[in-house]
Amino acid sequence: MAIKYAEQKIELSRLAYYDVDTNLPNLQHFKVELTKWLEKGEMGYVAIMHPTEFNKIVDLYGRQAGADLLGQMAERMRKYLPHGDELISRFSNSLIMAIKANLGTFHTHHKHVEPLTLVPFDIDGEENYITLKIGYSTFSPDLTVEQCIHQTDIALTNARKLNGTSFAKYEENS
């Protein structure tokens, strides 16, 4: 009986912090972990990466295909980012990530995005190329997690106004 209870408790925890369709951490997990980083005084960047073709892929292949695309994107990003210095989670039809880094060094991480769009994604056995809209902002202990996400959302809105794969940084007056 105790073993079954322990297994159920583990499964409930997984369901609370992971997206079932992608097996990626969910937004709640992201918030909990980023809060820990902020409490430790960490600094870096938060970025939301939105595949522009997400809705078309869902319309053509179904919802699971959209989830598969996000999973493949996260897998590719993990290859390029320092392990342990990144959080990557599902954020609706996008990925949200945090990267521990010295402020002012986002350009060093920017180069890791290009390989995401140069190689096609396998969706339902077919090759699909994507473009990305990326909004990013900084995080530091003087901000809350909600402020970080809100600022990054604003930057993403600005990135969506640009053609092709595009980046936009949160600016105080945007």
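Among contacts in this protein (heavy atoms within 4.5 Å) between residues at least 6 apart in sequence, 67% join residues at least 24 apart. Please keep in mind that this is a predicted model, in which local features need pLDDT of at least 70 and side-chain atom pairs count only at pLDDT 80 or more, while totals for chains, interfaces and linings use all residues. Residues are numbered from 1 along each chain as its sequence is written, and side-chain values use heavy atoms, with hydrogens and water left out.

**Overall make-up**

- The protein has seven helices and seven strands, taken as DSSP runs (helices H or I of at least four residues, strands E of at least two) and numbered from the N terminus.
- Reading from the N terminus, the order of elements is α-α-β-α-α-β-β-α-α-β-β-β-α-β.
- Of the 174 residues, 44% are buried, meaning under 20% relative accessible area with a 1.4 Å probe and protein chains only.

**Helices H3 and H4**

- Two packed helices are described by the angle between their axes and the distance between the axes.
- Helix H3 (residues 54-61) and helix H4 (residues 63-80) have axes that come within 6 Å and cross at roughly 135°; axes are lines fitted to C-alpha atoms over the stretch in contact, with angles from 0 to 180 degrees between N-to-C directions.
- That angle makes H3 oblique to H4, since angles under 35 degrees count as roughly parallel, over 145 as roughly antiparallel, 65 to 115 as roughly perpendicular and the rest as oblique.
- On the H3 side, Phe54, Ile57, Val58 and Tyr61 meet Arg63, Ala65, Gly66, Ala67, Leu69 and Leu70 of H4.
- The residues in this contact of H3 with H4 are eight nonpolar, one polar and one charged; Ala, Val, Leu, Ile, Met, Phe, Trp, Tyr, Cys and Pro count as nonpolar, Asp, Glu, Lys and Arg as charged, and the others, Gly among them, as polar.

**Helices H2 and H7**

- Helix H2 (residues 27-39) packs with helix H7 (residues 145-159) at an angle of about 115°, and their axes are 9 Å apart.
- H2 brings Leu27, Phe30, Lys31, Leu34, Thr35 and Leu38 to the contact, and H7 brings Val145, Glu146, Cys148 and Ile149.
- Sorted by class, the contact of H2 with H7 holds seven nonpolar, one polar and two charged residues.

**A look at Ser166**

- Ser166 lies in strand E7 (residues 166-169).
- Ser166 counts as buried because its relative accessibility is 5%.
- Neighbours within four places in sequence aside, Ser166 is in contact with Leu132, Lys133, Ile134 and Ala159.

Terms used:
Buried < 20%, exposed > 50% of the residue type's maximum accessible area, 1.4 Å probe, protein only.
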